[in-house]
Amino acid sequence: MLISALNEYYDCLAEAGKVCPEGCSYQKISHMIMLAPDGSISDIIDIREAGEPDKKGKVQYNPVDMLLPERTQKPGIDFNIIEHRPLYIFGLNYDKGTGTFTADDSKARKSHECFVKGNLEYIEGMSGETVKRYRRFIENWNPENETENEHLLKLGKNYGGAYFCFAPDGHPENPLNTPDSDIMRRVMSERNEPDGDEYLCPVLGEKLPAARIHGKIKGVLGGQAAGGLLVCFNSAAEESYGKSQSYNSGISYRAMKRYTEALNILISDRHHKMYLDDMTIVFFAMTKDDSRETDMFQAMFGNESSVKAEELDAILNSAFQELEKGRSMDLSSLDIDENTMFYIAGLTPNNSRIAQKFLYRGKFGAMFNNVVLHQLDMRIEGSKGQLPLWRIFSELKSPKSKNEKTPPPLMASLFSAVLNGGKYPEQLLETAVRRVKTDKAVNYARAGIIKGCINRKSRLYKGTEEITMALDTGNTNQAYLCGRLFAVLEKIQINAITSKKIKLKRTIKDSFFASACAKPCVVFPRLMTLAQYHLKNDDYAVSNNKIIGEILDKLGGSFPSTLSLNEQGKFIIGYYHQYQNYFKKNENKISKEEKE
């Protein structure tokens, strides 16, 4: 379905003038070779553009995208029309150790000879002035005589990573690859589909020549620099009916060119992609200009977007109010057609292949309302705005781990729940509860995750929600009450110790939280005994004793023997709610030590 959708999206890009002409592709170029009338190099200029500064404040310079004849993807030595690779153009290797150029490498010599022969044959008979200079450069350049070329020496260590284009001296605005040049006009006029047997293309529904090898997709996070293949067959076990390589897929060459170009354009545009761990997420709306939809989608998932934080908060609050009334928000006020089809795909690299981990398709309005519902489910007392997916995934990992990745199945399941409004994966609740018990720490993000999992499951199966945004003193669930009681007992301990002006290093949470969460009946009797000693030095002993009495009364004087995963989640929420309530009520009275 992804390939079919990308073919359809190609028409949207073509209508907007964003796709390459037939036979062309975009290539990142860093330097421009200025050619004199006799074909000699008069200068090599850096055409990279200044980008955003890095973490140290150093400005980064990025290559520019330029339209060139389609680049070769054949393995081994093969030339491009209007070559951009330094080894082919100059036939020289650069030694970083000595800072010198050499021409005695067989690969460099063969690459340059291939470039010379192929390009001279292609431009035979062309008479444009820039083409003439290009021809003279090719004919006159001798790698053995250019090892000390001043322009190449000026490039130095940047030589190997540079990509080049050509232009006449004094006219960088009129490069050899300008669309109205002789070369480019010929490239765009030629029929590029291969000859061969025609098959019924499963994507376009026409009888067309099939693609033997599919184009590479570049820019997938963690993938090879040269790109990876979304469709490929490199094992006889995967072949059938005597068809080898990608003939086995039956996808036509025309469909292949369309979907690969559309996907490469999406991945190269920051408005159509985001990264989660090692997964690349691409998304698009089936319309000529989908900037509003994609910007809104990115903003609602916590990514950098043109939608400002204040604007997003106002949109979400308005959407929350509509949902509470049982209505969907009218998106026409945001210049968005709620019936526009929207696609989200997750891609990960696998050697030279690209694996599609998930694909979701639906009307943007429905997806928007489901994402709003997700944010509403995740909201809890102490929340700081929306909870982006990257924050959810970071809370599922150990703070001591630097390389831990979120399992792709969990990521895909969570996306499905968010976009379709379904039940959150059980693994999400299990991991969040385990992290709280292991780290002895529960913040608004982890509490929000647990609340969302419990409430959505209860709403889908029972029609009611079990947990409120803030402290619910009317909640009689035993696990929730035990969590509240644990927070009160910890608060009493903190009050007692800080009243003696002793620096607090550990609380009962550090020693007993995990066991109290799993088996309250084993831990709480001991904690209640300890609390009697601490109450003597607690300045708020009366009010805390009152809360303990209220909780014990609802517990019926006994504690649960064991708590299930769902009940452990309620325990954690009860603890979080009660502790947040202390901060809310006594914000101006809490000591510096307690805040830390």
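Two strands count as paired if DSSP finds at least two bridges between them, and strands (E, at least two residues) and helices (H or I, at least four) are DSSP runs numbered from the N terminus. By that reading, Ala345 has Leu359 in S15 as its bridge partner. The model is predicted, so local features need pLDDT of at least 70 and side-chain atom pairs count only at pLDDT 80 or more, while totals for chains, interfaces and linings use all residues. Residues are numbered from 1 along each chain as its sequence is written, and side-chain values use heavy atoms, with hydrogens and water left out.

**The sheet**
- Four strands form an open sheet with antiparallel pairing, in the order S12-S13-S14-S15.
- Strand S12 (273-276) and strand S15 (353-363) each have a single partner strand and stand at the edges, so one side of each is left without a neighbour in the sheet.
- Strand S14 (residues 341-350) runs antiparallel to S15 and is joined to it by 10 bridges.

**Helices on the sheet**
- Helix H7 (residues 253-268) packs on the sheet and touches S12, strand S13 (279-285) and S14, where contact means heavy atoms within 4.5 Å.
- Helix H8 (residues 291-300) also packs on the sheet, touching S12, S13 and S14.

**Asp538**
- Asp538 lies in the loop between helix H17 (520-535) and helix H18 (541-555).
- Leaving aside neighbours within four places in sequence, Asp538 is in contact with Ile492, Asn495 and Asn544.
- A polar atom of the Asp538 side chain lies 2.9 Å from the backbone nitrogen of Tyr540.

Terms used. Axes fitted to C-alpha atoms, helices over the stretch in contact; angles between N-to-C directions. Polar contact = N/O pair within 3.5 Å; in protein donor to acceptor, adjacent residues only side chain to side chain.
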